[in-house]
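Here is a short report for a reader meeting this protein chain for the first time.

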Amino acid sequence: MRLKDKVAIITGAGSGLGRAIALRFADEGARLVIAEINEAKGEETLSLVQQKGVEAFSVTTDVSSSAAVTRLFQSIDDRQWPVDILVNNAGNAGHLTPVHEMTDEQWHAVVDVHLSGTFYCTREAVKRMLSVGRGGAVINMSSVAALRGLPGGSSYTAAKGAISSFTKGVAQEYASLGIRVNAIAPGWVETPILENLPDEMRPMLVASTPLGRIGAPEEIASVALFLATDESSYVIGQTISPNGGMYT
Ligand SMILES: NC(=O)c1ccc[n+]([C@@H]2O[C@H](COP(=O)([O-])OP(=O)(O)OC[C@H]3O[C@@H](n4cnc5c(N)ncnc54)[C@H](O)[C@@H]3O)[C@@H](O)[C@H]2O)c1
């Protein structure tokens with residue numbers, strides 16, 4: 001049990017990668033905080049992790065709201081749980097729109113959730129990690145889009161690129177205090193987020209991946225587990241990209 005009694009907060013844990021990470025961390029004995037905007041999906045994940053016998057609760061949270069994130073962390077404080085691990089995973093694909101047609105609303109709908117949400121949650125988690133003084137791990141969900149660009153998804157590409165840069169800066173601020181901050185930049189992974197893409201794009205996704213298939217959420221969860229444990233004790237400020245070879 002590599003995460004026995006560690007407290008892990010996972011945003012966007014009601015679906016896809018967040019749920020897979022929650023289940024993997026539950027297998028390793030973590031206590032879990034499910035922070036999800038969609039209450040029903042959050043409750044579903046809660047019930048799945050509780051079936052594994054771990055302590056957990058879910059808080060309906062919109063990570064793009066600073067006030068909502070404050071309430072999320074207040075509910076953790078109310079239980080007197082420390083914060084050991086934060087996974088900033090919540091996100092959406094937004095609308096694929098060329099930049100010259102992108103509205104302010106479309107831009108902010110992506111950047112506010114991915115980038116501001118990552119900032120709000122990291123700020124609150126690090127405050128608590130510092131006050132307990134036993135270090136911690138922050139894992140930010142970037143994307144291969146940050147590395148090679150996603151045409152039509154300039155807001156997504158920009159937000160994910162900024163998340164990788166944020167990761168580097170924050171990692172250097174706290175490395176000496178035992179808080180390790182790293183990012184994951186997945187390639188295409190089979191989750192509901194891909195439903196936003198036109199069906200005719202699917203063969204292109206596979207063709208652009210040398211491994212010849214779309215990834216499984218569990219293949220990203222295992223990278224998150226590595227970054228959450230001391231097995232990655234010398235890994236600081238990195239963006240690790242499990243992507244089937246589409247970007248090397
Ligand atoms: N699936 C992929 O191919 C892929 C590739 C690279 C990166 N990612 C990233 O991985 C993360 C998870 O995506 P996924 O593929 O599991 O998608 P998903 O749609 O299955 O899950 C995203 C979850 O985040 C939640 N969410 C959305 N906005 C939120 C908000 N404001 N506050 C709290 N929760 C919110 C959604 O309700 C959903 O449950 C995202 O950051 C995404 O950009 C996914």
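Buried residues make up 46% of the 248 residues in the protein chain. The model is a predicted one.

**Overall form**

The secondary structure comes to eight helices and seven strands. Along its principal axes, the C-alpha trace of the protein chain spans about 50 × 40 × 35 Å. The radius of gyration is 17 Å. A compact globule with 248 residues would have a value near 18 Å, so the two agree.

| Strand pair | Bridges | Facing residues |
|---|---|---|
| β1 and β2 (residues 31-36) | five bridges | alanine 8 and leucine 32 |
| β1 and β4 | three bridges | alanine 8 and isoleucine 85 |
| β4 and β5 | four bridges | asparagine 88 and asparagine 140 |
| β5 (residues 136-141) and β6 (residues 179-184) | six bridges | glycine 136 and isoleucine 179 |

Is β1 enclosed or open to the outside? Five of its five residues are buried, so β1 is largely enclosed by the rest of the structure. Val7, Ile9 and Thr11 point one way from this strand, and Ala8 and Ile10 point the other way.

**The nonpolar core**

The largest nonpolar core has 66 residues. Which of them touch the most other members? They are Ala8, Ile10, Phe25, Leu32, Ala224 and Ala228. Helix α4 (residues 104-132) gives the largest share of this core, eight residues.

Leaving aside its neighbours within four places in sequence, alanine 228 is in contact with Leu3, Ala8, Phe25, Ile85, Ala137 and Ile139. Two of these, Ala8 and Phe25, are themselves on the list of residues that touch the most other core members.

**A charged residue inside**

Arginine 180 lies in strand β6. Is it buried or exposed? Arginine 180 is buried, with 24 other C-beta atoms within 10 Å. The cut-off for a buried residue is 20 or more. Not counting residues up to four places away in sequence, arginine 180 touches Ala137, Ala171, Ala175, Ser232, Val235 and Ile236. Ala137 is also in contact with alanine 228. Threonine 167 is 13 residues from arginine 180 in sequence, and the two are 9.5 Å apart in space, C-alpha to C-alpha.

**Around the ligand**

There are 30 residues around the ligand. Gly12, Ser15, Gly16, Gly91 and Thr191 come nearest. The elements that give two or more residues to this shell are α1 (16-27) and α4. Helix α1 gives the most, with three residues. The shell divides into 12 nonpolar, 15 polar and three charged residues.

Most residues other than glycine have a negative phi. Aspartate 5 has a positive phi of about 65 degrees although it is not a glycine. Its place is in the segment before β1 (7-11). Aspartate 5 is exposed, with 12 other C-beta atoms within 10 Å.

Glutamine 80 has a positive phi of about 55 degrees, and it is not a glycine either. Where does glutamine 80 lie? It lies in the loop between α3 (66-78) and β4 (85-88). Glutamine 80 is exposed, with 6 other C-beta atoms within 10 Å.

Terms used:
Residues numbered from 1 in each chain as written. Predicted model: local features only at pLDDT ≥ 70, side-chain atom pairs only at ≥ 80, totals over all residues. Core = buried A, V, L, I, M, F, W, Y, C linked by C-beta atoms within 7 Å. Contact = placed C-beta atoms within 7 Å. Rg over C-alpha atoms; globule rule 2.2 N^0.38 Å. Near = placed C-beta within 6 Å. Nonpolar A, V, L, I, M, F, W, Y, C, P; charged D, E, K, R; others polar. Pairing = 2+ DSSP bridges.
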